[in-house]
Amino acid sequence: MKVLLEQDVKGTGKKGDIVNVSDGYARNYLLPRKIASPVDTAAINAMNIQKSAAQHRKFQAGIAAREKVKQLEGASVTVYARFGENGKMFGTVSGKEIAAALLEQRGIEADRKKISVEPIRAAGEYTAKVSLFEGISTTFRVIVKEREDGKQ
């Protein structure tokens, strides 16, 4: 019996695949649990529409990522950190602070986990790399300054 998988099934196939399984497996396991649906022209058309919509969303996300790269080329972001009296920074500047500064100063939303930078433990200028999409990444400058009193 041919069925259209609604979810990934280990050993059988991935979501959206049309697979040929035994009648008993389909009737007793896949169909009652709504893991699969019988193949008919409506199901095939719905699957094709979903796949094309997913491809379109991925294409649009790639275009948006390229626009963000153009905005970030040669850009710099300033991050303010707390320093002690001897000029030593409290803690380090992480991807979370850099992502927040990117959003605030440039209007670019980036996942903090996709920002790679050497450990920042002192004031100065650093180079950070951000991956915005599959195969699309860019570098930008991160300037770390001492936070003035009253500024968070």
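Colleague: In this predicted model, which residue in β6 is the bridge partner of Ile115?
Modeller: Start with the strands. β5 covers residues 115–116, and β6 covers residues 124–133. Two bridges join them, and they run antiparallel. In β6, Ile115 is partnered by Val130.

Colleague: How many bridges join β6 to β7?
Modeller: β7 spans residues 136–146. It runs antiparallel to β6. Tyr126 stands opposite Val142 in β7. The number of bridges that join β6 to β7 is nine.

Colleague: Which residue in the turn between β6 and β7 has a positive phi?
Modeller: β6 and β7 form a hairpin. Two residues lie between the strands. The one with a positive phi, about 75°, is Gly135.

Colleague: Where does Lys34 lie, and is Lys34 buried or exposed?
Modeller: Lys34 is not a glycine, yet its phi is positive, about 60°. Lys34 sits in the loop between α1 and β3 (36–38). Its relative accessible area is 64%. Exposed means over 50%, so Lys34 counts as exposed.

Colleague: In which helix is confidence highest?
Modeller: The chain averages a pLDDT of 90, and 97% of the residues score at least 70. Confidence is lowest in helix α2 (residues 41–72), at a mean of 90. The highest value, 95, belongs to residues 23–30, which form helix α1.

Technical notes
Residues are numbered from 1 along each chain as its sequence is written. This is a predicted model: local features need pLDDT of at least 70, side-chain atom pairs count only at pLDDT 80 or more; totals for chains, interfaces and linings use all residues. Side-chain values use heavy atoms; hydrogens and water are left out. pLDDT is the predictor's confidence in each residue, from 0 to 100. Helices (H or I, at least four residues) and strands (E, at least two) are DSSP runs, numbered from the N terminus. Two strands pair if DSSP finds at least two bridges between them. Buried means under 20% relative accessible area, exposed over 50%, partly exposed in between (1.4 Å probe, protein chains only).
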